[in-house]
Amino acid sequence: MANHAAQCLYTKLQLINNILPSSELKLSLTYLLTTIFFTVSILVNGQTNEGKALRGNRRNLIVKTRISLSPVIGIYSPNKNIASGTRQKMAFCFSIKEEITLSKRHRDFLWIGAEYMFHGVNFKSYYFYADSLQLYTPDRKRFTYDITMHEIDFPIQLKHSFTNETNSLSSLYIYGGYCYRWLLASRLTVSENGNEMINQSEKLVFKNPAFNSSNSSFLNLGIGFQKNNVKKKRAVFAELQFKYALSPLQFSESFTPSSMYFNGHFIYITIGFKI
């Protein structure tokens, strides 16, 4: 059954370019389905003896899987000297985490997993034509920069529940930790009064990178409420989370002003289930 699910996801991934009209939506769903495909592939390997042992741990509430979807609110702050009128674009996050019990009272847990986030921002800034003077006058800050981004994040978080989750119908919890960011791809368009001038893939880099220019980090803190099915050892949950970015993103082209960078922090409103 798991093999059949993995094959179906792979088939959907191959057909996506023939179904979706928007290239931006194609790329977003491609990354999302890739994340799900590899997760299902890992579950397929659970047919080994180690997989059987892991499933036994799941029945004993040692390891559980959390799957969630979040609309995301982006709080962006570009360089105020060269940009203004910042607005966020549509953003969401799909997350799969393993929850490992750390205490016999079932109140303390470790989360590890992977998250795919799609987000974007637009703002007004300057555009310089080839061989033109770079004059930073207010009337020239009239060009709309529109940026969309795809990234995979790897959270390592600690959760503390205020009740024993094995015998409570509901539980309130807090969590926080570290998240490693991996920027996959981004796209830039520049327009003036609706007339598109630039539409291209853009190499965004982190101003303060970790390991390489495509990697950086989040620090995060959140609160959640969980409704437990004590008999079936499952749950549904809702969360509110804040992610603080440790580095701005920046890019440079011949037509952009110098010091073109922006930072983005995020608020997640999450719903999901635990199995």
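pLDDT is the predictor's confidence in each residue, from 0 to 100, and a contact means heavy atoms within 4.5 Å. The views below show a predicted model, in which local features need pLDDT of at least 70, side-chain atom pairs count only at pLDDT 80 or more, and totals for chains, interfaces and linings use all residues. Residues are numbered from 1 along each chain as its sequence is written, and side-chain values use heavy atoms, with hydrogens and water left out.

**View A. Confidence along the chain, with residues 42–51 and 53–59 under 50 in pLDDT.**
The average pLDDT of the chain is 84, and 78% of the residues score at least 70. Over residues 53–59 pLDDT stays under 50, and the model has 10 contacts beyond four places in sequence for them. Residues 42–51 also stay under 50, with eight contacts beyond four places in sequence. Where pLDDT is low, the predicted coordinates should not be read in detail.

**View B. The largest nonpolar core, with Y145, I147 and F262.**
A nonpolar core is a set of buried Ala, Val, Leu, Ile, Met, Phe, Trp, Tyr and Cys residues joined through side-chain atoms within 4.5 Å. Buried means under 20% relative accessible area, exposed over 50%, and partly exposed in between (1.4 Å probe, protein chains only). The largest such core has 32 residues, of which Y145, I147 and F262 touch the most other members. At least two residues of this core come from each of β1 (63–78), β4, β5, β6 (170–192) and β12 (261–274). Strands here (E, at least two residues) and helices (H or I, at least four) are DSSP runs, numbered from the N terminus. In soluble globular proteins, nonpolar side chains tend to be buried together.

Rings of Phe, Tyr and Trp (its six-membered ring) pair if their centres lie within 6.5 Å; planes under 30 degrees apart count as stacked, over 60 as edge-to-face and the rest as tilted. The count by this rule is 18 aromatic pairs. F92 is buried at 16% relative accessibility, and F118 is buried at 4%.

**View D. The stacked pair of Y127 and F255, with Q134.**
The ring centres of Y127 and F255 are 5.1 Å apart and the planes are at 25°, so the pair is stacked. Y127 lies in the loop between β4 and β5, and F255 in the loop between β11 (249–250) and β12, 128 residues apart. Y127 is buried, with a relative accessible area of 14%, and F255 is buried at 6%. Q134 also has its place in the loop between β4 (108–125) and β5 (143–161). The C-alpha atom of Q134 is 9.4 Å from that of F255, although the two residues are 121 apart along the chain. Q134 is partly exposed, at 43% relative accessibility.

**View E. The hairpin of β6 and β7, with N193.**
Two strands pair if DSSP finds at least two bridges between them. Strand β7 (residues 195–201) pairs with β6 in the antiparallel sense, over six bridges. L188 has Q200 in β7 as its bridge partner. Two residues lie between the strands of this hairpin, where N193 takes a positive phi near 55°. N193 is not a glycine, and its relative accessible area of 70% counts as exposed.

**View F. S259 in the loop between β11 and β12.**
S259 has a positive phi of about 60° and is not a glycine. Most residues other than glycine have a negative phi, and most peptide bonds are trans. S259 is partly exposed, with 47% relative accessibility.

**View G. The cysteines C93 and C179.**
A disulfide is a pair of cysteine sulfur atoms within 2.5 Å, and the structure holds zero of them. The closest cysteine sulfur to that of C93 is in C179, 8.2 Å away, which is too far for a bond. C93 is buried at 1% relative accessibility, and C179 is buried at 0%.
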